[in-house]
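Here is a short briefing to read alongside the sequence and the model. Please keep both open as you go through the points.

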Amino acid sequence: MKILGIETSCDETCAAVVEDGRRVLSSVVASQTDLHRKYGGVVPEIASRAHLESLVPVVGEALEVAAVGAGEVDAVAVVHRPGLIGSLLLGVTAAKTLAWLHDRPLVGIDHVESHIYAACLEREALPFPCVGLIVSGGHTSLYACDGPRSQTLLGATTDDAAGEAFDKVAGILGLGYPGGPSIDKASERGSPKAVRFSRPWLDRDSFDFSFSGVKTAVLYHVCGHGAGAKTRPTDLTEQETADVAASFQECVVDVLVGKTLRAAEVRGLDRIIVGGGVAANRRLRTRFEQEAAAAGLDLVLPPMRYCTDNAAMVAGLAYHDVRAGEVAALDLEARA
Ligand code: KG4
Ligand code: ZN
């Protein structure tokens, strides 16, 4: 079964064709990073317009690379929630149009659930049951997962998502946009022990997260106590910047890895999967590899290209919905 997936929830126009839920025949991602860079963040209206321009060529390329016609796919799947409403509407409208035109089933996919599914792509066996950590620009959530369509939420962020904290701290330190990759890069030259930011563990038994305090601690550390959100440091050397970046990153990584391993222990699960844009972070990947091995846990870290937004995870997950008869009607709604 070949499924065409479309993902336009934020600032990447993505289309992919996946066979039988796991074999990726094509995955095309048109990034809008260059358009948003000068604003230091995603501008929703610009994102929508860019999706409008990119959607037809991106879907066309995904079909061409997979060597399948739009009328030959077995279903059309699309992310319809959550995300920027204008961006979502474009993907949803494109998917509905293709599904109606070629009389194919339509499948509506949740963006966060598709990030969990990224760990299933290009693997022989499905990695369930497991603990799943999803860390993206909009979410930081920990799940106990029994299957592609069966998850229990164990905890989530109470304020900033991990990726959001990376992006904001990169802004404070004057590092480039997008923030996550630039902190990842700057940290290479810095010491993770230079500054000891206190770890937001919250309650020992809690699987919730909170990163907004660490972000403020970074701001106060570099701009002085009581600095406003828009204050920027003026006299940080490159080494000091790298040290703060590495120390902040270590703090976030400690908490993400620590809580995920504890969730595995408490739930008696011996496998961990990680997904979402922050799962592309090299320090997070290394620490998970080290600590999962030390604890005797199986670890599934999807390749970087399936951590950040893509449509292969969407088309893959939809396979299970189609098989279960879970298809949407043409009045499927986009939900912010
Ligand atoms: O999953 P994603 O592509 O989009 C959302 O669903 O939000 O995640 C984007 C987030 C951004 O906050 C970005 O800064 C972060 O993932 N990110 C990273 C890295 N690459 C992307 N954060 C830390 N280190 C990275 N290497
Ligand atoms: Zn995402």
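The notes below go through the metal site, the pocket, the salt bridges, the surface and the backbone.

This is a predicted model. Its zinc ion (ligand 2) is held by two histidines and an aspartate, namely His 111, His 115 and Asp 309. A search of the whole structure turns up 19 salt bridges, and the largest pocket has a volume of about 1200 Å³.

**Zinc site**

- The zinc ion (ligand 2) is coordinated through NE2 of His 111, NE2 of His 115 and OD of Asp 309, at 2.0 to 2.1 Å.
- Along the chain, the donors of the zinc ion (ligand 2) follow the spacing H-x3-H-x193-D.
- Where do the two histidines sit? Both His 111 and His 115 lie in helix 4 (residues 111-117), four residues apart, which is about one turn of the helix.
- His 111 and His 115 are both buried.

**Largest pocket**

- The largest pocket, at about 1200 Å³, is lined by 39 residues, and those closest to its centre are Cys 10, Asp 11, Gly 137, Asp 167 and Pro 178.
- Which helix gives the most to the lining of the largest pocket? Helix 5 does, with six residues.
- Helix 4, helix 5 (162-172) and helix 6 (179-187) each supply at least two residues of this lining.
- Asp 11 belongs to the loop between strand 1 (2-7) and strand 2 (12-19), and at 10% relative accessibility Asp 11 counts as buried.
- Asp 11 and Val 169 are 158 residues apart in sequence, and their C-alpha atoms are 20 Å apart in space.
- Pro 178 lies in the loop between helix 5 and helix 6, and a cis peptide bond joins Tyr 177 to Pro 178, with omega about -5 degrees.

**Salt bridges**

- Arg 149 pairs with Glu 113 in a salt bridge whose closest N and O atoms are 2.5 Å apart. Arg 149 lies in the loop between strand 7 (140-147) and strand 8 (150-156) while Glu 113 lies in helix 4, so the pair ties together parts that are 36 residues apart in sequence. Arg 149 is partly exposed, at 37% relative accessibility.
- Arg 262 and Asp 205 meet through their side chains in a salt bridge of 2.9 Å, N to O. This pair links distant parts of the chain, with Arg 262 in helix 8 (residues 238-267) and Asp 205 in the loop between helix 6 and helix 7 (212-223), 57 residues apart.
- Glu 250 and Arg 283 form a salt bridge at 2.8 Å, N to O. Glu 250 is in helix 8 and Arg 283 in helix 9 (residues 282-294), so the pair ties together parts that are 33 residues apart in sequence. Glu 250 is buried, with a relative accessible area of 9%, whereas Arg 283 is partly exposed at 27%.
- Salt bridges that share partners join Glu 250 and Arg 283 into one network with Arg 199, Asp 254, Arg 287 and Glu 291.

**Surface patch**

- Trp 100, Leu 101 and Leu 330 form a nonpolar patch on the surface, and together they have about 370 Å² of accessible area.
- Trp 100 is placed in helix 3 (residues 85-101) and is exposed, with a relative accessible area of 60%.

**Backbone details**

- Another cis peptide bond joins Arg 81 and Pro 82, with omega about -25 degrees. Pro 82 is in the loop between strand 4 (75-81) and helix 3.
- Asp 103 has a phi near 55 degrees, a positive value in a residue other than glycine. Asp 103 falls in the loop between helix 3 and strand 5 (106-110) and counts as exposed, at 64% relative accessibility.
- Glu 122 also has a positive phi, near 55 degrees. Glu 122 is found in the loop between helix 4 and strand 6 (130-135) and is partly exposed, with a relative accessible area of 43%.

Definitions and conventions. Residues numbered from 1 in each chain as written. Chains lettered and ligands numbered in written order. Predicted model: local features only at pLDDT ≥ 70, side-chain atom pairs only at ≥ 80, totals over all residues. Heavy atoms only, no water. Patch = residues over 30% accessible without salt bridge, like charges linked within 9 Å, V, L, I, M, F, W, Y side chains within 5 Å. Areas by Shrake-Rupley, 256 points an atom, 1.4 Å probe, with all protein chains shown as cover. Salt bridge = Lys/Arg side-chain N within 4 Å of Asp/Glu carboxyl O. Buried < 20%, exposed > 50% of the residue type's maximum accessible area, 1.4 Å probe, protein only. Donors = N, O, S within 2.8 Å, 3.2 Å for Na, K, Ca; no water. 1 Å grid on protein atoms, 1.4 Å probe; cavity = no way out; pocket = protein on both sides within 12 Å on 5 of 7 lines; lining within 4 Å. Points joined across faces, edges and corners; volume = space filled by probe spheres on them.
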